[in-house]
Amino acid sequence: IRAEPLHSFPKGERLLFRKEFLEINREGCRISGRHFIVIRLPGSSNHSRIGVTASRKVGGAVVRNHIKRLVRECYRLNKAWFQSADYSVIAKKSAAHLNLAGVCKDLWQTLQQFKADHG
């Protein structure tokens with residue numbers, strides 16, 4: 001058994017299938033931040049999983065992929081922010097101009113709303 005490094009992002013922490021996203025969207029708690037919508041569904045596992053969505057409203061493929069990479073990097077570096085649950089992060093149009101610090105700041109503020117509103 002190999003221990004995962006603290007700042008890794010293994011496949012087990014990713015939402016990979018459409019049915020997982022649909023379940024979270026249907027049953028999860030939704031908080032809207034300035035640049036992202038975060039939907040959280042408490043999971044059955046002892047770690048968190050994350051999936052990122054960016055529609056064509058956000059921009060072209062290059063912009064969408066860049067935002068998704070930044071959100072995943074923010075998650076990878078700040079796993080302690082995320083309670084054991086499944087998270088779906090949806091980028092808003094305004095997220096297109098953000099850098100890593102901006103993404104992390106908005107996600108932090110949105111996750112704090114979860115703690116205040118949903119415990």
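This is a predicted model: local features need pLDDT of at least 70, side-chain atom pairs count only at pLDDT 80 or more; totals for chains, interfaces and linings use all residues.
Residues are numbered from 1 along each chain as its sequence is written, and side-chain values use heavy atoms, with hydrogens and water left out.

Strands and helices here are DSSP runs numbered from the N terminus, with at least two residues (E) for a strand and at least four (H or I) for a helix. S1 and S2 run antiparallel and are joined by four bridges; two strands count as paired if DSSP finds at least two bridges between them. A hairpin of three residues leads from S1 to S2. In the loop between S1 (29-32) and S2 (36-41) you will find Arg-34. With a relative accessible area of 66%, Arg-34 is exposed; exposed means over 50%, buried under 20%, and partly exposed in between, using a 1.4 Å probe and protein chains only. Arg-34 still touches Lys-92, Ser-94 and Asp-106, leaving aside residues up to four places away in sequence; a contact means heavy atoms within 4.5 Å.

Now step back to the whole sheet. Four strands form an open sheet in the order S1-S2-S4-S3, with mixed pairing. S1 and S3 (49-54) stand at the edges with a single partner strand each, so one side of each has no neighbour in the sheet. Neighbouring strands are turned by 20° against each other on average, direction ignored; such angles come from axes fitted to C-alpha atoms, for helices over the stretch in contact, and run from 0 to 180 degrees between N-to-C directions.

How are the residues of S2 placed, buried or exposed? Six of the six are buried, so S2 is largely enclosed by the rest of the structure. In a regular strand, side chains alternate between the two faces of the sheet. In S2, Phe-36, Val-38 and Arg-40 point one way, while Ile-37, Ile-39 and Leu-41 point the other. S2 also runs antiparallel to S4, joined by six bridges, and Arg-40 stands opposite Tyr-87 in S4.

Arg-49 stands opposite Asp-86 in S4. Helix H1 (residues 18-27) packs on the sheet, touching S1, S2, S3 and S4, and its direction makes about 90° with that of S4. Helix H2 (residues 61-77) packs on the sheet too, touching S2, S3 and S4, at about 160° to the direction of S3.

Finally, look for the aromatic rings. The structure holds four aromatic pairs, where rings of Phe, Tyr and Trp (its six-membered ring) pair if their centres lie within 6.5 Å, with planes under 30 degrees apart called stacked, over 60 edge-to-face and the rest tilted. The ring centres of Trp-81 and Trp-108 are 5.0 Å apart and their planes are at 55°, so this pair is tilted. The pair links distant parts of the chain, with Trp-81 in the loop between H2 and S4 and Trp-108 in helix H3 (residues 100-118). Trp-81 is partly exposed at 22% relative accessibility, and Trp-108 is partly exposed at 36%. Elsewhere, Phe-9, Tyr-75, Phe-82 and Tyr-87 form one aromatic cluster.
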